[in-house]
Amino acid sequence: MLKGHQSWVFANRPMIMATGVSGGPFEANGNLANDFDLLHEDLWMGQETYEKAHRVLLEESIKMALQKANVHKEEVQFLFAGDLINQITPTSFAARSMQIPYFGLFGACSTSMEGLALASFVINNQGAKYILTGASSHNSAVEKQFRYPTEYGGQKPPTAQWTVTGAGVALMAANDSSKNQPVTISATIGKVIDMGLTDPFNMGGAMAPAAADTIIAHFRDLQLDPSFYDLIITGDLGRVGHDTAFELINKSGLKLERKQFQDCGLLIYKKDQPVQSGASGAGCSATVLYGHLLNQMKKGVYKRILVVATGALLSPLSFQQNESIPCIAHAVAIEMNGEKG
């Protein structure tokens, strides 16, 4: 059901039935390593190229989610997924091997919540029995495309962020009230916001206004107070962007508590890992949500959360043509089955 101008409320409360989360060696040394289902020892993952390794991450996560739920891929109606590489080829090649009807999505680092919102909408309206949705990124593949190959060893400014090597996937299904699983209750679809920033090494600063805009729209459309959520967490803003978004939201008159407002890019790695401003990548919010955050919810740490994944919609070509960086953010609200109001 449409609520307000840009939000959906999911009356049937689609269920996150199972998840699969994979990562690389840097993530294995990170703060949330125990929340991954599978961690690789090297970035090649037995493949000839980083892009092929990227594909493997998504394939593995899909298989793990299906295995946990005891659902065969032939039973799944749709796959909603995407990544950051040209023409989302790692995701499309994974879809080729999975042979599941496929919607390829590109929302940059906002793709995880774009997919979860769309999957929830379809399940809520009985358009499918099962849907797989997820997002992925690979540090070396993304760095090679958007900045410089990692072999160059180029220096980065403090505002830069570290692209996560990982994939996170959720298997969505109709609600089963007998199961104590997370469910999606609403979503807010963001607008493209461009404040004229052009620095590709400050993605967090560029994306912060989009995050703030979507969060403000969510509470306006649903007529809620921020206290409705135990946690409001952005996807990929890092230190610079997260502080900026917090300031913008509070200036709007919507008062958030600092401890209530977190960022996936600030959770995934340890303080002594050299990630400058924090983490990013389409796999950042996907791995943190489908691994760490849902595990925390199942333990009772959080009853209700709002996840706001942010994306910078630039390309190498748009940067070369001196375009600014258009950004977007999508929000999905999740609570444990049985929690209402």
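In which helix is A141 found? Select residues 139-146, which form helix α5, and A141 is there; helices here are DSSP runs of H or I with at least four residues, strands are runs of E with at least two, and both are numbered from the N terminus. The model is a predicted one, in which local features need pLDDT of at least 70 and side-chain atom pairs count only at pLDDT 80 or more, while totals for chains, interfaces and linings use all residues. Residues are numbered from 1 along each chain as its sequence is written, and side-chain values use heavy atoms, with hydrogens and water left out.

Stay on A141, which counts as buried because its relative accessibility is 1% (buried means under 20% relative accessible area, exposed over 50%, and partly exposed in between, with a 1.4 Å probe and protein chains only). Leaving aside residues up to four places away in sequence, A141 touches Y50, E51 and I85, where contact means heavy atoms within 4.5 Å.

Next, select strand β15, residues 327-336, where 10 of 10 residues are buried. C327, A329, A331, A333 and E335 point one way from the strand, whereas I328, H330, V332, I334 and M336 point the other way. Two strands are said to pair if DSSP finds at least two bridges between them. Strand β10 (residues 182-188) pairs with β15 in the antiparallel sense over 6 bridges, and S186 stands opposite A333. Strand β14 (residues 304-312) also pairs with β15 in the antiparallel sense, over 9 bridges, with A309 as the bridge partner of H330.

Now show helix α6 (residues 203-222) together with helix α7 (residues 238-251), which pack at an angle of about 35° with their axes 8 Å apart; axes are lines fitted to C-alpha atoms, for helices over the stretch in contact, and angles run from 0 to 180 degrees between N-to-C directions.

Finish at helix α9, residues 282-298, which is largely enclosed by the rest of the structure, because 15 of its 17 residues are buried. Centre the view on L289, where α9 bends by about 40°, the bend being the angle between axes fitted to the seven residues ending there and the seven starting there. Beyond the helix, select G300, which follows α9 and has a positive phi, near 90°.
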